[in-house]
Amino acid sequence: MRAISLLLLLISFTLTLSAADKVAAPEALVAKLYKAHDAEKSPFFQDKDRALVDHYFTKELADFLWKDAKESKGEVGVIDFDPLYNAQDTEIKNFVVNKAKVDGTNATVVASFVNFDEKTRIIFKLVQQDDAWKISDIQYTEGHALLKLFKAAAGN
């Protein structure tokens with residue numbers, strides 16, 4: 001009887017950890033995206049692994065990113081800058097992914113850093129879907145946003 005109780009407790013603990021993994025904090029997803037990007041395993045600009053794009057982004061944004069990567073065939077597409085640093089060239093210092101501001105199933109995460117002595121803030125808009133956070137847009141301090149760029153290019 002004791003062995004069964006211990007086994008049930010272990011199974012319960014494992015299931016709790018799995019659920020916690022799925023609903024990790026939104027800032028964890030953004031930090032993971034930067035880490036993958038900096039390790040040259042970014043979902044941006046690649047056309048080999050759609051699941052990688054879907055892991056980070058909502059369907060709408062993932063569809064635009066995937067289409068852009070496929071259609072540009074290694075050339076410059078709609079995105080003509082590094083979307084995580086809003087720059088062509090980077091020399092990043094003081095990088096921080098700030099704690100998310102969560103409002104129900106929506107969240108905002110700000111990444112801040114200095115690039116070539118210029119303070120920069122990148123704002124990530126996220127939504128919770130299927131027990132996971134997904135990035136729905138990336139906004140830049142100049143007032144432009146990734147989703148808006150794609151929609152303008154598509155004529156929407």
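Which residues does D82 touch, not counting residues up to four places away in sequence? The first legend answers this.

The model is predicted: local features need pLDDT of at least 70, side-chain atom pairs count only at pLDDT 80 or more, and totals for chains, interfaces and linings use all residues. Residues are numbered from 1 along each chain as its sequence is written, and side-chain values use heavy atoms, with hydrogens and water left out.

**View 1. D82 in the loop between α4 and β1.**
D82 touches H37 and A87, leaving out residues up to four places away in sequence. Contact here means heavy atoms within 4.5 Å. The side chains of D82 and H37 also make a polar contact, at 2.9 Å. A polar contact is a pair of N or O atoms within 3.5 Å; within protein, one must be able to donate a hydrogen and the other to accept it, and residues adjacent in sequence count only if both atoms are side-chain atoms. D82 is buried yet has no salt bridge. The nearest side chain of opposite charge, K41, is 17 Å away. For charge, Lys and Arg count as positive and Asp and Glu as negative, while His and the chain ends are not counted. Buried means under 20% relative accessible area, exposed over 50%, and partly exposed in between (1.4 Å probe, protein chains only).

**View 2. F44 in the loop between α2 (26-38) and α3.**
F44 counts as buried because its relative accessibility is 4%. Beyond its neighbours within four places in sequence, F44 is in contact with L33, H37, F57, L65, I79, P83, L84, I138 and L146. One of these, P83, is 39 residues away along the chain, yet the two C-alpha atoms are separated by 8.2 Å.

**View 3. I122 in strand β4 (residues 118-129).**
Helices (H or I, at least four residues) and strands (E, at least two) are DSSP runs, numbered from the N terminus. I122 has a relative accessible area of 0%, so it is buried. Its contacts, leaving aside neighbours within four places in sequence, include Y34, L84, V109, F113 and Y140. I122 and A145 are 23 residues apart in sequence and 9.7 Å apart in space, C-alpha to C-alpha.

A salt bridge is a side-chain nitrogen of Lys or Arg within 4 Å of a carboxyl oxygen of Asp or Glu. The structure holds six of them. R50 is partly exposed at 25% relative accessible area. D54 is partly exposed too, at 30%.

**View 4. K151 and E60.**
These two form a salt bridge, with the closest N and O atoms 3.4 Å apart. K151 lies in helix α5 (residues 146-153) and E60 in helix α4 (residues 59-72), so the pair ties together parts 91 residues apart in sequence. K151 is partly exposed, at 30% relative accessible area. E60 is partly exposed, at 39%.

**View 5. D117 and K93.**
Their side chains meet in a salt bridge (3.6 Å, N to O). This pair links distant parts of the chain, 24 residues apart: D117 is in the loop between β3 (106-115) and β4, and K93 is in strand β1 (residues 92-97). D117 counts as exposed, at 67% relative accessibility. K93 counts as partly exposed, at 37%.
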